[in-house]
Amino acid sequence: MWSELERLVEASMEEWNVPGLALAVIQDGEVALLKGYGVRDTDTGLPVTTDTQFLLCSITKSFTAAGLGLLVDERKLDWDRPVREVLPEFRLHDPVATERLTVRDLLCHHSGLPRHDWIHMPGDLSNAQMLAALRHLAPNKDLRDTFQYSNLGYLVAGMITERISGRSYEEFTTERLMKPLGFQHFGFSIEALAAAEDGARPHATDGDKRHRTPLSPIRATPAGGINASVADIAKWARFLLDGKADGRQLLSASALREMTTPRVHIGRSEYAEIGDSHYGLGLFCEQYRGERTVAHSGSWAGWSTLMTTLPARRAGVVVLTNHTPGSTRAILTYAVLDRLCGREPIDWFGRLAPKRKQAVAQQKLDKKAAAEVRHSGTRPSHPLEDYVGDYEHPAYGRIHIEQRADGLAWRWRGAEDQLLHRHYDVFITPDRPTIMYPSDRTLTFRYDRQGHIDRVEVPLEEMVEDIVFRRVAAGEVLDPAFRRLCAGDYLHAGRVIEIRLDAGEQLGMTIPGQPTYRLLPAGGRRFNVETLEGYGVEFRRPSPEVVDAMVFHEPRVTALAPRIAKT
């Protein structure tokens with residue numbers, strides 16, 4: 001059995017250009033095989049060992065769910081407890097979902113929120129900042145309508161662990177799960193992995209060429225940030241069979257049953273041997289050739305992992321690699337499951353290797369198609385300097401646009417690069433497939449009725465409308481001395497319009513018969529009228545010391561109100 005598997009490991013690693021891999025097999029409740037293959041880092045050439053730490057990615061979710069299960073066992077939590085009862089500061093965009101979302105909903109990806117992964121993926125926000133961002137993220141489904149994978153949901157789940165236990169997620173998970181199971185080589189950050197004596201490094205393939213890629217952090221730690229060795233994850237897979245650690249019941253059978261019971265239907269596999277897939281609490285619930293499987297995979301820039309168990313046979317397999325993309329983890333997992341079940345092995349290598357070649361060819365076709373739909377020969381509608389400035393979204397942060405000799409460039413939360421002009425007012429980020437970067441994202445600049453560039457739209461979450469970054473106020477409107485010049489009385493159609501400074505030296509506008517409106521700085525000498533979408537005012541300044549008129553910009557009218565001279 002094992003000699004055939006060895007040959008398959010070697011062939012799969014060669015076909016998918018995988019530098020390093022660690023494999024564990026559990027049979028009859030015991031670890032039957034632990035082995036490392038290849039190198040943990042192509043720069044050093046050091047071999048993968050059974051103690052080599054890999055980024056587990058989303059296998060981490062099973063730890064988060066099990067940790068909450070411990071709190072349920074202790075009657076400190078209920079799976080159906082509303083999140084807001086534990087985290088009063090928790091808010092979603094939908095106020096009804098805010099009040100009704102439960103811990104169970106978080107753990108089975110049932111919030112109505114799509115991934116919105118570019119909130120956490122740059123790795124520059126704290127847990128509190130990411131939690132605060134949730135209220136500004138558009139949902140695309142109703143609560144409990146359908147399965148939508150959410151790393152941010154698991155971030156919240158980890159924060160619930162912290163609030164109830166009074167410990168950090170890392171400390172709780174270490175003391176309550178990892179130490180009782182005898183974990184030896186693990187950590188909770190990319191910095192810890194970098195410092196590990198025996199730590200793997202990520203690699204990614206673009207087409208047929210492999211690259212060593214930078215270590216990218218997963219700051220939403222409860223969703224995917226644990227590092228561990230295959231020797232330790234073999235203990236974890238074994239634990240998920242019965243909830244026991246060293247013969248002692250660590251996690252109750254009831255909590256384990258909650259985790260491994262199908263809760264939400266995901267979809268149906270293209271392969272009849274797998275069939276329908278469901279999600280439990282922190283685990284995928286599927287079947288393979290008629291046998292029930294419980295599993296979780298993980299992927300990140302340069303990493304690919306898979307942990308699968310056969311509960312009825314007290315068996316399982318773990319595959320950890322320092323490479324993306326690829327089907328190596330699935331090929332080896334199914335090969336082991338076939339042998340553990342005594343079945344004639346399916347040639348998964350023969351099925352999936354042609355798909356790799358098709359995918360590489362498809363990449364070339366897609367790039368050609370993207371070039372063909374571009375409207376060549378077009379120009380931006382404005383001079384490039386008009387696009388320069390800062391644009392902001394309350395959750396996604398601030399985009400800075402600057403002009404360079406060869407066009408526009410952008411800077412956003414650690415990413416900085418030249419923008420390519422696609423056509424008209426659409427620019428595009430470069431393709432960086434081997435690093436954590438928003439490749440091939442269009443930036444569509446829009447302008448208001450007066451022709452001022454006032455926003456940029458970016459598809460950072462494909463399941464909702466483009467994320468709109470509003471232009472940040474700049475220019476004279478930010479100068480208190482200019483605002484003081486603007487204060488005064490203006491005449492329009494026989495009505496006196498009062499412009500006054502408040503205690504904070506912000507402008508307000510009072511029109512007879514109407515409430516006082518705040519004037520919000522927009523750009524240059526322009527202000528938007530708060531609460532009136534599409535309404536604005538602009539002050540005319542013929543000389544440095546004089547503001548002599550105010551221009552109204554309304555949806556249907558542009559009107560001039562001269563200043564009333566003081567007598």
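Modeller: Two strands pair if DSSP finds at least two bridges between them. Strands (E, at least two residues) and helices (H or I, at least four residues) are DSSP runs, numbered from the N terminus. The model is predicted, so local features need pLDDT of at least 70 and side-chain atom pairs count only at pLDDT 80 or more, while totals for chains, interfaces and linings use all residues. Residues are numbered from 1 along each chain as its sequence is written, and side-chain values use heavy atoms, with hydrogens and water left out.

Biologist: Which residue in β30 stands opposite R526?

Modeller: Strand β29 (residues 526–529) pairs with strand β30 (residues 536–540) in the antiparallel sense, over 3 bridges. R526 belongs to β29, and the residue opposite R526 in β30 is E538.

Biologist: Which residue in the hairpin of β29 and β30 takes a positive phi?

Modeller: The hairpin has 6 residues between its strands.

Biologist: How many bridges join β30 to strand β31?

Modeller: β30 and β31 (residues 549–553) run antiparallel. R540 stands opposite A549 in β31. The number of bridges joining β30 to β31 is 5.

Biologist: Which strands stand at the edges of the open sheet?

Modeller: The sheet has 8 strands with antiparallel pairing, in the order β2-β1-β15-β14-β13-β12-β11-β10. Each edge strand has a single partner strand, so one side of each is left without a neighbour in the sheet; the two are β2 (30–38) and β10 (264–268).

Biologist: What is the bridge partner of V294 in β14?

Modeller: Strands β13 (residues 291–300) and β14 (residues 303–310) run antiparallel, joined by 7 bridges. V294 lies within β13, and the partner of V294 in β14 is T309.

Biologist: Is L241 buried or exposed?

Modeller: L241 lies in helix α11 (residues 230–242). Not counting residues up to four places away in sequence, L241 touches I26, L256, T309, L310, P311, R314 and A315 (contact means heavy atoms within 4.5 Å). Buried means under 20% relative accessible area, exposed over 50%, and partly exposed in between, with a 1.4 Å probe and protein chains only. Because the relative accessibility of L241 is 14%, L241 counts as buried.

Biologist: What is the relative accessible area of M259?

Modeller: M259 is placed in helix α12 (residues 253–260). Leaving aside neighbours within four places in sequence, M259 is in contact with S62, A65, A66, L240, L251, G280, L281, L283 and C285. M259 is buried, and its relative accessible area is 0%.

Biologist: At what angle do helix α2 and helix α7 pack?

Modeller: K61, T64, L68 and L71 in α2 meet N151, Y154, A157, G158, I160, T161 and I164 in α7. Axes are lines fitted to C-alpha atoms, for helices over the stretch in contact, and angles run from 0 to 180 degrees between N-to-C directions. The axes of α2 (residues 60–73) and α7 (residues 151–165) are 10 Å apart, and the packing angle is about 35 degrees.

Biologist: What share of the residues in the chain is buried?

Modeller: There are 15 helices and 32 strands in the chain. The C-alpha trace spans about 100 × 60 × 45 Å along its principal axes. Of the 567 residues, the buried share is 51%.
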